[in-house]
Amino acid sequence: MSTATTSQTAKSARRPAEPTTAAGKAADYLDQRTSIGVAVKEFARKIFPDHWSFMLGEIALFSFVVLLITGVFLAMFFQPSSALTTWDGDLPQLHGQLMSVAFASTLDISFEVRGGLLMRQIHHWSALIFMASIVTHMMRVFFTGAFRKPRELNWLVGSTLMILGLAAGFSGYSLPDDVLSGNGLRITDGVVKSIPIIGSYMSYFIFGGEFPGEHIIARLFTVHILLVPGLILALVGLHLFLMVLHKHTQYPGGGRTDKNVVGYPAFPVYVAKMGGNFFFIFGVLALMGGTMAINTVWNYGPFDPSPVSAGAQPDWYMLFLEGALRLMPGQAEIVTWGNYTLSLNVLVPAMIVPGILFTFLLTYPFLEAKVTGDHREHHVLDRPRNVPVRTGLGIAFLTAFIILALAGSNDLIATHFHLSINEITWVFRVLLFLGPWFAFWVTKRICLGLQRKDRELVLHGHESGRIVRFASGEYIEVHAPLEEQERWLRVNFEAHTPRELAPAADSRGVKRKGYASEKRWHQISKFFFEDRIEPVTPSELAAAHAHGEHEAIEAPHDEHAALPAGAARTDQER
């Protein structure tokens, strides 16, 4: 065989085999022109930790996919028009009534279009689950500290997604133009008009004239099917990109550090789980849509500005606004110069209350970073008990949200339990101020108590129930020592201390610039970290194991610092 033939044979052996299947040829064609195979290979190797709480974000994502699928179907039949028409459908109580084209098309979708009612109900249930999963997912992120560096931007993206979800829900359930949604728009008109100076002009712009106007349904339709979904899709893409870029957070445990991820590769393990999760969520939503009636607009009737129905509430995620409006005293109005009325009875509950909530959500990561002075990257999550003030603040805001949501149903509570609606309203007013404070105090005490329990377990071990008698006649209970992994979990955290405050004047007696700001942040850090439980140090653990009475040992100050995440102890320290 010649040298040329040998060289050609060697090159043929090194050349990768050509694909033989249609799918393989298509993938090879695409890869040669886009080099997408490199990205797919890199993503397939991506490691994701395995924990059930990480599925909460997937529930939100897949619910949104179901929303898009059902929304496309509904958009084909819905007519967003406020023009009046007479409905000639088969429903006796509404046959021949004058109504808007939007309400008539909603009835046609429900009773004339094959599968229309099923799609409407799946769409509505998907919206409720979408918002519930977003809120629950954000609770998990907040309580475990997953918003810390480098994920502050992703927290802002997630918070914006929640606000856009509220906008999508409001614009969606306002489209049928029934009595319930019409009353919601009436409230919106009042809120907009309560804005000082520009309120009336904004109302005319939004509604196309005096309420209810003739353009609001068409404008809400555009917002609901185009503007908000487009923004949500863009932010979901950014959210997922940042998650992959920063790598996924993981719960504390043996071998898990800020420099690694312990879990399974995206392909095939995580992809298979995501696929199964999607079909499970789709199936549950379809089952709910087929068996659980929701938003039965034919029971409310077409919108008429004159009646206001009792016992009507918006979807659960808007109930806190409804409750805030119901709890606000109606006399809170100020008449200024020029006989101008400042409607605080609407402005405060509709603007200030949600403004406080959203401001807290958007700024908290930066507030905590400033208070702790911790600017390191964090990829291992906190145990909520180890950050009592953060956990307490989260529970306090959740308590306020629940109280406002219950207040939004004060009329139903009054009729079902035969109570005075005025007394219920006053109870909720008092609870709105005392409830969050009490919830914060109780939660903080529980977290500190759990930390003390962790210290006791590390130092003494688990109670075994076995009693031993010494020769001296003394009886003691034998404690079972903790396993290495369990002990590591209970001691490996950092107990932050309040910021140190330098003297007000320098060595020359001149008042330092910025002392007032430093003093203010010092007071805030005392609120966060004055009450704390230090993790068990190696010397304390050694003393507890060496002495039956567990005598206290004074350890150097630096021994109270927690071990870095994933750090291994020496045999002597153990």
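Q: A salt bridge here is a side-chain nitrogen of Lys or Arg within 4 Å of a carboxyl oxygen of Asp or Glu. With that in hand, what makes Arg326 and Glu322 a salt bridge?

A: Bear in mind that this is a predicted model. In it, the closest N and O atoms of Arg326 and Glu322 are 3.0 Å apart. The cut-off is 4 Å, so the pair counts as a salt bridge.

Q: Where do Arg326 and Glu322 sit relative to one another?

A: Both belong to helix α13, which covers residues 319-327. They are 4 residues apart, about one turn of the helix.

Q: What makes Asp531 and Arg445 a salt bridge?

A: Their closest N and O atoms are 3.3 Å apart, which is within the 4 Å limit, so they qualify. Asp531 is in the loop between α19 (515-529) and α20 (538-546), while Arg445 is in helix α17 (residues 421-460), so this pair ties together parts that are 86 residues apart in sequence.

Q: Buried or exposed, or something in between: how are Asp531 and Arg445 classed?

A: Asp531 has a relative accessible area of 34%, which makes it partly exposed. Arg445 also comes out at 34% and is partly exposed.

Q: How do you know that Arg490 pairs with Asp454?

A: The closest N and O atoms of Arg490 and Asp454 are 2.4 Å apart, so the pair meets the 4 Å criterion. Arg490 is in helix α18 (residues 484-491) and Asp454 is in helix α17, so the bridge ties together parts that are 36 residues apart in sequence. Both Arg490 and Asp454 are buried. They also belong to a network of salt bridges that links Arg383, Arg385, Asp454, Glu486 and Arg490.

Q: Why is α4 called roughly antiparallel to α6?

A: The axes of helix α4 (residues 55-75) and helix α6 (residues 116-144) cross at roughly 155 degrees and come within 8 Å. Angles over 145 degrees count as roughly antiparallel, so α4 and α6 get that label. As for handedness, α4 passes α6 in a left-handed crossing.

Q: Why does Tyr201 count as exposed?

A: Exposed means over 50% relative accessible area, and Tyr201 has 63%, so it is in that class. Tyr201 is located in helix α9 (residues 199-207). Together with Ile197, Ile198, Met202 and Tyr340, Tyr201 makes a nonpolar surface patch of about 550 Å².

Q: What is there to say about the backbone at Pro212 and Pro268?

A: A cis peptide bond joins Phe211 and Pro212, with omega about 5 degrees. Pro212 is in the loop between α9 and α10 (216-246). Another cis peptide bond joins Phe267 and Pro268, where omega is again about 5 degrees. Pro268 is placed in helix α11 (residues 266-291). For context, most peptide bonds are trans.

Q: What makes the phi angles of Asn295 and His418 worth a look?

A: Most residues other than glycine have a negative phi. Asn295 is not a glycine, yet its phi is positive, about 55 degrees. His418 isn't a glycine either, and its phi is positive too, about 55 degrees.

Q: Where are Asn295 and His418, and why is one called buried and the other exposed?

A: Asn295 is in the loop between α11 and α12 (297-300). Its relative accessibility is 15%, under the 20% cut-off, so Asn295 counts as buried. His418 is in the loop between α16 (410-417) and α17. With a relative accessible area of 72%, over the 50% cut-off, His418 is exposed.

Q: Why is Tyr264 called partly exposed?

A: Its relative accessible area is 42%, which falls between 20% and 50%, so Tyr264 is partly exposed. Tyr264 belongs to strand β4 (residues 264-265). Tyr264 and Arg45 are 219 residues apart in sequence, but their C-alpha atoms are 8.9 Å apart in space.

Q: How many helices and strands does the chain have, and what share of its residues is buried?

A: The chain has 20 helices and 8 strands. Of its 574 residues, 40% are buried.

How values were computed: Residues are numbered from 1 along each chain as its sequence is written. This is a predicted model: local features need pLDDT of at least 70, side-chain atom pairs count only at pLDDT 80 or more; totals for chains, interfaces and linings use all residues. Side-chain values use heavy atoms; hydrogens and water are left out. Patches are made of residues with over 30% relative accessible area and no salt bridge: like charges are joined within 9 Å, nonpolar side chains (Val, Leu, Ile, Met, Phe, Trp, Tyr) within 5 Å. Accessible areas come from the Shrake-Rupley method with a 1.4 Å probe; for residues, only the protein chains shown count as cover. Helices (H or I, at least four residues) and strands (E, at least two) are DSSP runs, numbered from the N terminus. Buried means under 20% relative accessible area, exposed over 50%, partly exposed in between (1.4 Å probe, protein chains only). Axes are lines fitted to C-alpha atoms, for helices over the stretch in contact, and angles run from 0 to 180 degrees between N-to-C directions. Angles under 35 degrees count as roughly parallel, over 145 as roughly antiparallel, 65 to 115 as roughly perpendicular and the rest as oblique. A crossing is left-handed if the near helix is turned anticlockwise from the far one by less than a right angle, and right-handed if clockwise.
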